[in-house]
Amino acid sequence: MNKHIGALLGLGLLIILLIIAAPIFAHHGNSNFDIDKKLTLKATVTDWVWANPHCWLKFDATDEKGNVVHWIAETSNPADMTNLGGWSKQVFKPGDHVTVTLQPVKNGQPIGRVMQVVLANGQTLGTRIPGIFGPEVDAPKPADSSKQ
């Protein structure tokens with residue numbers, strides 16, 4: 001009988017641990033981003049965070065009223081960014097002037113997801129994250145063949 005009680009307690013603890021740990025393995029969705037909107041901002045880099053699970057570009061941009069707005073925009077993880085070409089831990093430093101194209105969050109806060117960054121030398125760094133940004137998203141839509 002003691003073996004059964006011990007086994008049940010062990011199973012119960014395992015189930016509780018799995019329930020508690022489940023959020024650790026979950027990943028946030030994309031519902032907070034306005035995928036129908038793109039903002040392009042002339043910006044000054046304040047910080048470039050090269051870390052998992054996402055890299056973060058922090059920058060200042062001036063709004064239409066002339067106020068400086070402190071933005072933060074996410075990219076993918078360092079391994080993905082390295083594979084895209086041009087991205088590295090050293091690609092940005094505070095004070096760099098860049099042009100950032102991003103998808104903003106829906107609530108209007110100065111937060112977004114980077115689509116591309118154009119460096120002061122004209123080099124374009126794209127994200128091209130499959131299913132989120134990339135040629136398949138921005139490609140021209142096929143002509144409606146029923147109108148021909």
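## Thr-75 and its contacts

Thr-75 is in contact with Trp-48, His-54, Cys-55, Met-81, Trp-87 and Val-114, leaving aside its neighbours within four places in sequence; contact means heavy atoms within 4.5 Å. The residue sits in the loop between strand S3 and helix H2 (78-84). Helices (H or I, at least four residues) and strands (E, at least two) are DSSP runs, numbered from the N terminus. Thr-75 counts as buried because its relative accessibility is 3%. Buried means under 20% relative accessible area, exposed over 50%, and partly exposed in between (1.4 Å probe, protein chains only).

## Model and confidence

This is a predicted model, in which local features need pLDDT of at least 70 and side-chain atom pairs count only at pLDDT 80 or more, while totals for chains, interfaces and linings use all residues. Residues are numbered from 1 along each chain as its sequence is written, and side-chain values use heavy atoms, with hydrogens and water left out.

The pLDDT, the predictor's confidence in each residue from 0 to 100, averages 81 over the protein chain, and 68% of the residues score at least 70. Confidence in the chain is highest in strand S2 (residues 56-62), with a mean of 98, and lowest in helix H3 (residues 135-138), with a mean of 44. Over residues 133-148 the pLDDT is below 50, and this stretch has 14 contacts in the model beyond near neighbours in sequence. Residues 21-27 also stay under 50, and for them the model has 1 contact beyond four places in sequence. Where pLDDT is low, the predicted coordinates should not be read in detail.

## Overall layout

The protein chain contains 3 helices and 6 strands. Along the sequence, these elements follow the pattern α-β-β-β-α-β-β-β-α. Of the 148 residues in the chain, 28% count as buried. Among contacts with a separation of 6 or more, 52% are between residues 24 or more positions apart.

## The nonpolar core

A nonpolar core is a set of buried Ala, Val, Leu, Ile, Met, Phe, Trp, Tyr and Cys residues joined through side-chain atoms within 4.5 Å. The largest one here has 22 residues, and those with the most contacts inside it are Leu-57, Phe-59, Trp-87, Phe-92, Val-98, Val-100 and Val-117. At least two residues of this core come from each of S1, S2, S3, strand S4 (97-104) and strand S5 (111-118). The biggest share is from S1, which gives 4 residues.

Phe-59 has contacts with Leu-41, Ala-43, Thr-44, Val-45, Thr-46, Val-69, His-70, Trp-71, Ala-73, Val-100 and Leu-102, leaving aside its neighbours within four places in sequence.

## The largest pocket

On a 1 Å grid over the protein atoms alone, a pocket is an open set of points where a 1.4 Å probe fits, with protein on both sides within 12 Å along at least five of seven lines; lining residues have an atom within 4 Å of a point. The largest pocket has a volume of about 270 Å³, where volume is the space filled by probe spheres set on the points, and grid points are joined across faces, edges and corners. It is lined by 16 residues, of which Leu-39, Glu-64, Trp-71, Gly-108 and Gln-109 are the closest to its centre.

Strand S1 (39-49), S2 and strand S3 (68-74) each supply at least two residues of the lining. By type, the lining of the largest pocket divides into 8 nonpolar, 3 polar and 5 charged residues. Ala, Val, Leu, Ile, Met, Phe, Trp, Tyr, Cys and Pro count as nonpolar, Asp, Glu, Lys and Arg as charged, and the others, Gly among them, as polar.

## Loops

The loop between S1 and S2 holds Pro-53, and the peptide bond from Asn-52 to Pro-53 is cis, with omega near 5°. Trp-50 lies in the loop between S1 and S2 and counts as partly exposed, at 22% relative accessibility. Not counting residues up to four places away in sequence, Trp-50 touches Cys-55, Pro-78, Met-81, Thr-82, Trp-87, Ser-88 and Lys-89. The C-alpha atoms of Trp-50 and Lys-89 are separated by 5.6 Å, although the two are 39 residues apart along the chain.

Gln-90 is in the loop between H2 and S4 and is exposed, at 63% relative accessibility. Lys-93, in the loop between H2 and S4, counts as exposed at 52% relative accessibility.
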